[in-house]
Amino acid sequence: MSAGNSGVLPASAQRVQAALDAAGVGARVIELNVAARTSQQAADALGIDVGQIAKSLIFRAATSGRAVLVIAAGDRRVDEASVTAALGEPIERATPEFVREHSSFAIGGVAPVAHARPMVTFVDASLRRFEVVWAAGGTPHCVFPIAPSDLLQVSGGTELQVNA
């Protein structure tokens, strides 16, 4: 694993750490020496299976316009029909501006916690295959390890089979 040594996390990563601390889960955000904008980049940097990456994907609910967060395993594609059925309305891809407005993070570093606005959240049930998963920590260089059950709790999400 290649972790940075600056000691001071970027402001967005500090917000994520504060949210994790407030939830009492004991997860620690670390900064990598390389960017991890994709699940594969993050897995490579950490030396883990790509399925252990908990990617935070934000969609836009097509009818209401609300933000919908899907936390999915890095080796799975989100089946939009499954999310649509659980949500009760269709979802569509969100623009980078929409993602930043609702989450306060840029694409490539969207954390599963510490969002600018509350959003409906679904957590991929397949993450339970692993004892520990890694999620984005607010920047493309920051990540944190967390048990899937703790991720479900801190995200306020609903567990869902998000892939077909």
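In the predicted model, helix α5 spans residues 148-155, and its buried residues are Pro148, Leu151, Leu152, Val154 and Ser155. Here buried means under 20% relative accessible area, exposed over 50%, and partly exposed in between, with a 1.4 Å probe and protein chains only. Helices (H or I, at least four residues) and strands (E, at least two) are DSSP runs, numbered from the N terminus. An α-helix has 3.6 residues a turn, so residues three or four places apart point the same way. Gly156 follows α5 and has a positive phi, near 70 degrees.

Residues are numbered from 1 along each chain as its sequence is written. Because the model is predicted, local features need pLDDT of at least 70 and side-chain atom pairs count only at pLDDT 80 or more, while totals for chains, interfaces and linings use all residues; side-chain values use heavy atoms, with hydrogens and water left out.

The protein chain contains 5 helices and 8 strands, in the order α-β-α-β-β-α-β-α-β-β-β-α-β along the sequence. Its C-alpha trace spans about 45 × 30 × 30 Å along the principal axes. The radius of gyration is 15 Å, which agrees with the value near 15 Å for a compact globule of 164 residues; the radius is taken over C-alpha atoms, and the globule rule is 2.2 Å times the number of residues to the power 0.38. Of the 164 residues, 49% count as buried. Among contacts (heavy atoms within 4.5 Å) with a separation of 6 or more, 63% join residues 24 or more positions apart.

In soluble globular proteins, nonpolar side chains tend to be buried together. A nonpolar core is a set of buried Ala, Val, Leu, Ile, Met, Phe, Trp, Tyr and Cys residues joined through side-chain atoms within 4.5 Å. The largest such core has 32 residues, of which Val16, Leu20, Val29, Ile58, Leu127, Phe144 and Ile146 touch the most other members. At least two residues of this core come from each of α1 (11-23), β2, β3 (67-73), α4, β6, β7 (142-146) and α5, and β3 gives the most, with 4 residues. Apart from this core lies another, of 12 residues, including Phe59, Val68, Val78 and Leu87. Leaving aside residues up to four places away in sequence, Val16 touches Val29, Phe105, Ala111, Val113, Ala114, Gly137, Gly138 and Phe144.

Ala114 is found in the loop between α4 and β5. Its phi is near 65 degrees, a positive value in a residue other than glycine, and Ala114 is partly exposed, with a relative accessible area of 25%. Ser104 is in the loop between α4 (96-103) and β5 (120-124). Ser104 also is not a glycine, and has a positive phi of about 80 degrees; its relative accessible area is 23%, so Ser104 is partly exposed.

The largest pocket holds about 730 Å³ of space. On a 1 Å grid over the protein atoms alone, a pocket is an open set of points where a 1.4 Å probe fits, with protein on both sides within 12 Å along at least five of seven lines, and lining residues have an atom within 4 Å of a point. Grid points are joined across faces, edges and corners, and the volume is the space filled by probe spheres set on the points. The lining has 28 residues, of which Lys55, Ser56, Leu57, Ile58 and Ile107 lie nearest the centre of the pocket. β2 gives the most to this lining, with 7 residues.
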